[in-house]
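Subject: The model, and what turned up in it

Hello,

Here is the structure I promised to pass on. Please have a look at it first, and then read my notes below.

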Amino acid sequence: MRLLVIDTATQALSVALLEDGAPIGQFHEIVGRGHAEALLPAIAALPDGGRADAIAVDVGPGSFTGVRIGIAAARALALAWDISLHGFSAPSLIAAQAARDHGQGPLIVTITGGHGELFWQSFTADGQSATDEIRSTPITELASRIDAPVIYGTGAEALVTARGSGTAVTLYPDASVWPLIAALPGLPPSPIYGRGADAKTMAERGLS
């Protein structure tokens, strides 16, 4: 059984080909906004061009563009190869990494959002979700609400700086550790944006 894991929800581009749960090929690099150009070549460089029996893709939240790029590529490959596709969330993968490497709870996972906000979710020390809802909150507001001594994720440094205390552990989702969340129910391969769209219709803006 081979699984192709695709993660483009953050500044990292992370892909891995797993065989019976073990990585046989992987690529993980901080590319910023270069996902569109680098994703397919990264997959093609995996063993057998990344060909798998199923695909798992990060559905967010995170970068609006990055999430959409990853899902679009995953859907296209799943259709071309006639294989199954399911999603997973960025916070769940980061929490699993934090639980494995640090093992202290509660785990507060943060992901850089837009407009001075952070996506965040709370997990128990073993990486299990303590709150099903993924929230998007202004950093200044979150700084007064979250007192956990250690903050994880891509938004950790920003939150700790705003608070003036604590330890930031910057973690990006790593596709190769997907087996850590293999027992979680798969999500639909549709974006989790975590907050409303910036663009509004004319009616929403009160225009006719």
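A word on contacts before anything else: two residues touch, or are in contact, when they have heavy atoms within 4.5 Å. This is a predicted model, in which local features need pLDDT of at least 70 and side-chain atom pairs count only at pLDDT 80 or more, while totals for chains, interfaces and linings use all residues. Residues are numbered from 1 along each chain as its sequence is written, and side-chain values use heavy atoms, with hydrogens and water left out.

**The chain overall**

The secondary structure comes to 5 helices and 10 strands; these are DSSP runs numbered from the N terminus, with helices (H or I) of at least four residues and strands (E) of at least two. The radius of gyration, taken over C-alpha atoms, is 17 Å, which agrees with the value near 17 Å for a compact globule of 208 residues; the globule rule is 2.2 Å times the number of residues to the power 0.38. Along the principal axes, the C-alpha trace spans about 55 × 50 × 30 Å. Of the 208 residues, 46% count as buried, where buried means under 20% relative accessible area, exposed over 50% and partly exposed in between (1.4 Å probe, protein chains only). Among contacts between residues at least 6 apart in sequence, 59% join residues at least 24 apart.

Threonine 110 sits in strand S6 and is buried, its relative accessible area being 0%. Leaving aside residues up to four places away in sequence, threonine 110 touches Leu118, Phe119, Trp120, Ile151, Tyr152, Gly153, Thr154, Gly155, Ala156 and Leu159.

Two of those partners, Ala156 and Leu159, bring us to helix H5. In H5 (residues 156-163), Ala156, Leu159, Val160 and Arg163 are buried. They lie on the same side of H5 because they cover an arc of only 95° around the axis, the arc being that of the directions from the helix axis to the C-beta atoms. An α-helix has 3.6 residues a turn, so residues three or four places apart point the same way. The buried residues of H5 pack against S6, S7, helix H4 (139-145), strand S9 (150-153) and strand S10 (167-169). After H5 comes glycine 164, with a positive phi near 80°.

Leucine 3, in strand S1 (residues 2-7), counts as buried at 8% relative accessibility. With residues up to four places away in sequence not counted, leucine 3 touches Ala16, Leu17, Leu18, Ala52, Ala54, Ile55, Ala56 and Trp178. The C-alpha atoms of leucine 3 and leucine 85 are separated by 9.7 Å, with the two residues 82 apart along the chain.

**Backbone points to check**

Most residues other than glycine have a negative phi, and most peptide bonds are trans. Glycine 60 and proline 61 are joined by a cis peptide bond, with omega about 0°; proline 61 is in the loop between strand S4 (54-58) and H2. Aspartate 82, in the loop between H2 and S5, has a positive phi near 55° and counts as exposed at 69% relative accessibility. Histidine 115, in the loop between S6 and S7, has a positive phi of about 55° and is exposed too, at 62% relative accessibility.

**Pockets**

On a 1 Å grid over the protein atoms alone, a cavity is a set of points where a 1.4 Å probe fits but cannot get out, whereas a pocket is an open set with protein on both sides within 12 Å along at least five of seven lines; lining residues have an atom within 4 Å of a point. Grid points are joined across faces, edges and corners, and a volume is the space filled by probe spheres set on the points.

The largest pocket has a volume of about 430 Å³. It is lined by 21 residues, with Arg33, Gly62, Ser63, Phe64 and Thr65 the closest to its centre. Helix H2 (64-81) and strand S6 (107-112) are the elements that give two or more residues to this lining, and H2 gives the most, with 4 residues.

The second largest pocket has a volume of about 310 Å³. Of its 20 lining residues, Ser89, Ser92, Leu184, Pro185 and Leu187 lie nearest the centre. Strand S5 (84-88) and strand S7 (117-123) each supply at least two residues, with S5 giving the most, 3 residues.

Best wishes
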